[in-house]
Amino acid sequence: MCAHVLVAEDDVMQAELIRRSLLAEGHTATVVHDGRAALDAARRLAPDLVVLDLMLPVIDGFGVCRVLRRDEDIPVVMLTARSEEEDVLLGLELGADDYMTKPYSPRELMARIRTVLRRSGRDADPGRREDPVVRAGGLAIDPVRHEVHCEGTMVECTPAEFEILLAMAAEPERVFSRRQLLEVTRGTDRASTERAVDVHIMNLRRKIEADPRRPARLVTVFGVGYKLSGGRG
């Protein structure tokens, strides 16, 4: 089973943890951080499931769920730090397929997602890609085997380098700030700093660029950060 999951979570670290867990399960993921972006992405991408935090800015999760149930037919798993019975009941009345309160186990969340996908029939599409590998800019990054290939050649990466490449390949052409890439490496390199991100990028360029002094893949966007250029595929 490979599904496209939209993650609407304003906590950047929580969203990244969910995204990594989804990739490890063989799914693809799109992450947004406010309710308006969630509705726009749901209409544009038609995901198989939405993981929806209730405490979103702009439009809260209740409002997003209400619109999704009115206009779309997409399963919803709600997440919230609020465990009051009224909130649970309202979320379910609005049509949420499942509801989890924080803190939660990523493993349990993945199990809930599998159950909802199975129940909704979203896992039954024989044409759906079952390959968990993320491909972009001539790179193939396997989150299950923890392998990176560049133009077909295996590339040895440290855990922090791997997480940086995986995050950037999932959203090619997106510009990541050093702070955002630092958050990506938190689970593998807790002592890292924003300066260390520059070192990781420099080392990655030595491994995946034909000419590290003139990078064509890991491109610097001056005054902002870095992006992986080349698009998907």
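## Sheets and helix packing

In the predicted model, Arg-135 has Ala-140 in β7 as its bridge partner. Helices (H or I, at least four residues) and strands (E, at least two) are DSSP runs, numbered from the N terminus. The model is predicted, and local features need pLDDT of at least 70, side-chain atom pairs count only at pLDDT 80 or more, and totals for chains, interfaces and linings use all residues. Residues are numbered from 1 along each chain as its sequence is written, and side-chain values use heavy atoms, with hydrogens and water left out.

Three bridges join β6 to β7 (residues 139-142), and these two strands run antiparallel. Helix α6 packs on this sheet, where it touches β6, β7 and β8 (147-150), and its direction makes about 115 degrees with that of β7. Contact means heavy atoms within 4.5 Å. Axes are lines fitted to C-alpha atoms, for helices over the stretch in contact, and angles run from 0 to 180 degrees between N-to-C directions.

The sheet is open, with four strands in the order β6-β7-β8-β9 and antiparallel pairing. Two strands pair if DSSP finds at least two bridges between them. Since β6 (134-136) and β9 (153-155) stand at the edges with a single partner strand each, one side of each is left without a neighbour in the sheet. From one strand to the next, the twist averages 25 degrees.

Another open sheet has three strands in the order β10-β12-β11, with antiparallel pairing. Its edge strands, β10 (176-177) and β11 (218-221), each pair on one side only. Four bridges join β11 to β12 (residues 225-228) in an antiparallel arrangement, and Val-219 has Lys-227 in β12 as its bridge partner.

| Helix | Strands crossed | Direction |

Helix α2 (residues 35-45) packs with helix α3 (residues 61-71) at an angle of about 20 degrees, with the axes 10 Å apart. That makes α2 roughly parallel to α3, a term for angles under 35 degrees. Their crossing is right-handed, meaning that the near helix is turned clockwise from the far one by less than a right angle. In α2, Gly-35, Ala-38, Leu-39, Ala-42 and Arg-43 meet Val-64, Val-67, Leu-68 and Asp-71 of α3. By class, this contact has six nonpolar, one polar and two charged residues.

Note on methods. Parallel < 35°, antiparallel > 145°, perpendicular 65-115°, else oblique. Nonpolar A, V, L, I, M, F, W, Y, C, P; charged D, E, K, R; others polar.
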